[in-house]
Amino acid sequence: MLIRRKTKEIPIAPNQSFLVTPDIGGTYPPNYECVWHACVSDKEMYYLELLKFDLQYSLKCDKDWFEIRRGGYQGKVYKKMCNPSSATKEIRINDNCIWLRFRSDATIERKGIEGWFASYVPTGNGPRNPITQGDDTYV
């Protein structure tokens, strides 16, 4: 069975960007895929904070899911999340390139994902949250 998915690559700033699934005010669409990717200098790494995580529950992550890869799309899967109760809220990715993907199936739609990520030089405590700390400064 061929499933047609609408795929959208979302441009992002490499040093800091917000991460939002489509239609965050309502529900995300069925059979949808969003891809975000960015790279920074070799001396930097990425930090990701998920502020909202509401996806269709599945034990095997075979329904709706969010995936983080180190490097590019062919990189190693760093984390795959589908269960809102076990989703990691703060993630440090030990790589200077990240590839993020959200994917939904044809069944139940939920509210989706909202968060932000930033690059940082791993000598301090990590980047500052632009939502709660009000600026785009990072360590």
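Does Trp116 count as buried or exposed, and at what relative accessibility? In this predicted model, Trp116 counts as buried, with a relative accessibility of 1%.

The protein contains 9 strands and 0 helices, so that, read from the N terminus, its elements follow the order β-β-β-β-β-β-β-β-β. Of its 139 residues, 45% count as buried. Contacts in the protein with a separation of 6 or more are made up, to 75%, of residues 24 or more positions apart. The accessible surface amounts to about 7700 Å², and carbon and sulfur atoms hold 50% of this area.

Strand E3, which spans residues 32-39, is mostly covered, with 6 of its 8 residues buried. Its pairing partner here is strand E8 (residues 97-103), and the two run in the antiparallel sense over 7 bridges. Within this pairing, Cys39 has Cys97 of E8 as its bridge partner.

Turning to the aromatic residues, a search of the whole structure gives 3 aromatic pairs. In one of them, the ring centres of Tyr46 and Phe117 are 5.7 Å apart and the planes meet at 65°, which makes the pair edge-to-face because the angle is over 60 degrees. Tyr46 belongs to strand E4 (residues 45-54) and Phe117 to strand E9 (residues 112-120), so this pair ties together parts that lie 71 residues apart in sequence. Tyr46 and Phe117 are both buried.

Another of the pairs joins Tyr47 and Trp116, whose ring centres are 5.5 Å apart; with the planes at 50°, the pair is tilted. Here too the residues come from strands E4 and E9, Tyr47 from the former and Trp116 from the latter, so the pair ties together parts 69 residues apart in sequence. Tyr47 has a relative accessible area of 6% and is therefore buried, the cut-off being under 20%. The value for Trp116 is 1%, so Trp116 counts as buried as well. As a general point, side chains in a regular strand alternate between the two faces of the sheet.

Lys80 lies over the face of Trp65, at 4.2 Å from the ring centre.

Terms used. Residues are numbered from 1 along each chain as its sequence is written. This is a predicted model: local features need pLDDT of at least 70, side-chain atom pairs count only at pLDDT 80 or more; totals for chains, interfaces and linings use all residues. Side-chain values use heavy atoms; hydrogens and water are left out. Rings of Phe, Tyr and Trp (its six-membered ring) pair if their centres lie within 6.5 Å; planes under 30 degrees apart count as stacked, over 60 as edge-to-face and the rest as tilted. Helices (H or I, at least four residues) and strands (E, at least two) are DSSP runs, numbered from the N terminus. Buried means under 20% relative accessible area, exposed over 50%, partly exposed in between (1.4 Å probe, protein chains only). A charge sits over a ring if NZ of Lys or CZ of Arg is within 6 Å of the ring centre and within 35 degrees of the ring normal. Contact means heavy atoms within 4.5 Å. Accessible areas come from the Shrake-Rupley method with a 1.4 Å probe; for residues, only the protein chains shown count as cover. Two strands pair if DSSP finds at least two bridges between them.
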